[in-house]
Amino acid sequence: MEFGKNFYWGTATAAYQIEGGRNEDGKGESIWDVYSHRDGAIARGENGDHACDHYHRMSEDVDLMKGLGVNAYRFSLAWSRILPEGTGRLNTKGADFYNRLIDKLLENGITPFLTLYHWDLPQTLQNRGGFLNPEMADWFEEYAERVKELYGDRVKNFMTINEPQCVLGCGYRLGVHAPGIKVSLKEQLSALHNLLKSHGKAARVLKTIKGAEVGYASCGYTYAPASEKKEDIEAAYERTFAFEGENPLGTISSFAEPIFLGKYPKEYYEYGEELLPKITEEDMKLISTPLDFFALNIYEGKKVYRKADGGIGEVEPKPGSPKTQMGWEITPENMYWGPKFLYKRYGKKVYITENGVSLADYVFSDGKIHDTYRTEYLRTYLKELRRAANDGETKIAGYFHWSLMDNFEWAEGYKQRFGLIYVDFETFERLPKDSYYEYAKIVRENGKNL
Ligand code: BGC
């Protein structure tokens, strides 16, 4: 067994997590530039001012991708590098950075997968309310137009927004990510609607690019059945798409149902007029602009079963079961069930646009990084993905490992290392880990010998 002939093998990153170059060449400030400097916001008081210094080492980084043998790369644009004020004036120098990146990728046979928004809103737009302002959809549309003009001749694979669940859930509900605010349920619901409209407007623009495929990248907290019994499989499917009234921003369905099916989950409408924003038929048409794929960022999930009373029970992890440095469970079976359920419900080919593991990597006395646990993680998750790709019912189009290199892990700072490449955050030296070579082998063999 292996993956399909035209399978995309890639790695993924995000602008704020790797670029650095905070104030360079006319870049405007983003909400992460501001938030990361807020007292107590980030572990050990770290920030992304320099991150991996990718802004100055882009060429070396693409060479490292070439060494991996991947044929795709998922990255995001720093909106405020291109439009320092969020709208209006173009910053040519900033825009050219991505021109150079895209050209270098294409010269090396690496297909660019571009994310417009991976969390770093221009601060000027946050000052006007960010996603709480209904005008956000127009700002995002204008930005998408720029992206189309600038890169649409060479880039054909787009994601509008990365993990809208985190954008709003972490940024506006829990306040643990930029912009670091906690708004009322009513405001959360309105931000959700504004975000969906922003997505819709951008998708509509991007779809006019010749040959373009468009999606958005969803959080992938999915549920696997505790056994292969029909009732457990049904329970896992139900739970994967369940809506949580108390946390409407956290689930897959809050975003995927309006986008792919043109309707919010039915429980959503139960909030009633007092809490819900104004929703028109036209809005829903815009939000459900047809997309080409489902992009899933998948790290961990849970197992569930059907209880005798018809409810759904969650299987508690065994005492002493392993956790990653992030404290996340290791659940490869979700890599089979998650994409399978998503394909079944929405009928769109699935890309795994993020998957990976944070470990306590360090340089051994022989000068290398022996991250055996990452290799095992990679193999076991990919094996499950391969099972889905070959089950005759699910279309899997690609896999992007998170991440190409260690980087700025948001509120966790630099202590969480997710990379296939180790980064020394003082010298910015890159050092491929053992898993880099293992992944290169997997890619070469198209996943045959997992
Ligand atoms: C995000 C990444 C992040 C990764 C690991 C995803 O939530 O898209 O930016 O680094 O998971 O936490």
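Modeller: We can begin with Ile110, which is buried, its relative accessible area being 1%; buried means under 20% relative accessible area, exposed over 50%, and partly exposed in between, with a 1.4 Å probe and protein chains only. The model is a predicted one, in which local features need pLDDT of at least 70 and side-chain atom pairs count only at pLDDT 80 or more, while totals for chains, interfaces and linings use all residues. Residues are numbered from 1 along each chain as its sequence is written, and side-chain values use heavy atoms, with hydrogens and water left out.

Colleague: Where does Ile110 lie, and which residues is it in contact with, leaving aside its neighbours within four places in sequence?

Modeller: Ile110 sits in the loop between helix H5 (92-107) and strand S3 (111-117), where helices (H or I, at least four residues) and strands (E, at least two) are DSSP runs numbered from the N terminus. Its C-alpha atom is separated by 8.9 Å from that of Val62, 48 residues apart along the chain. With contact meaning heavy atoms within 4.5 Å, and with neighbours within four places set aside, the partners of Ile110 are Val62, Met65, Lys66, Val70, Asn71, Ala72, Tyr73 and Leu105.

Colleague: Which strands make up the closed barrel, and in what order do they run?

Modeller: Two strands pair if DSSP finds at least two bridges between them; by that rule S2 and S3 pair in the parallel sense over 5 bridges, and 3 bridges join strand S1 (residues 8-12) to S2, also in parallel. Strand S10 (residues 349-354) and strand S11 (residues 396-402) pair in parallel over 3 bridges, with Ile396 in S11 as the bridge partner of Val350. The closed barrel has 8 strands with parallel pairing, in the order S1-S2-S3-S4-S5-S7-S10-S11.

Colleague: How many residues of S2 are buried?

Modeller: Ala72, Arg74 and Ser76 point one way from S2, whereas Tyr73 and Phe75 point the other way, and all are buried. Gly10 stands opposite Ala72, and Phe75 has Leu114 in S3 as its bridge partner. The count for S2 is therefore given under the cut-off of under 20% relative accessible area, and the strand is mostly covered, with 5 of its 5 residues buried.

Colleague: Why is helix H11 described as largely enclosed by the rest of the structure?

Modeller: The buried residues of H11 pack against helix H8 (164-173), H9, S5, helix H12 (281-287), strand S7 (293-297) and helix H13 (334-346). H11 (residues 253-261) is largely enclosed because the buried residues number 8 of the 9.

Colleague: How many disulfides does a search of the whole structure find?

Modeller: A disulfide is taken as a pair of cysteine sulfur atoms within 2.5 Å. The sulfur of Cys52 is too far for a bond, because the closest cysteine sulfur, in Cys166, is 19 Å away. Cys170 is in no disulfide either, the nearest cysteine sulfur, that of Cys166, being 3.8 Å away. The search of the whole structure finds 0.
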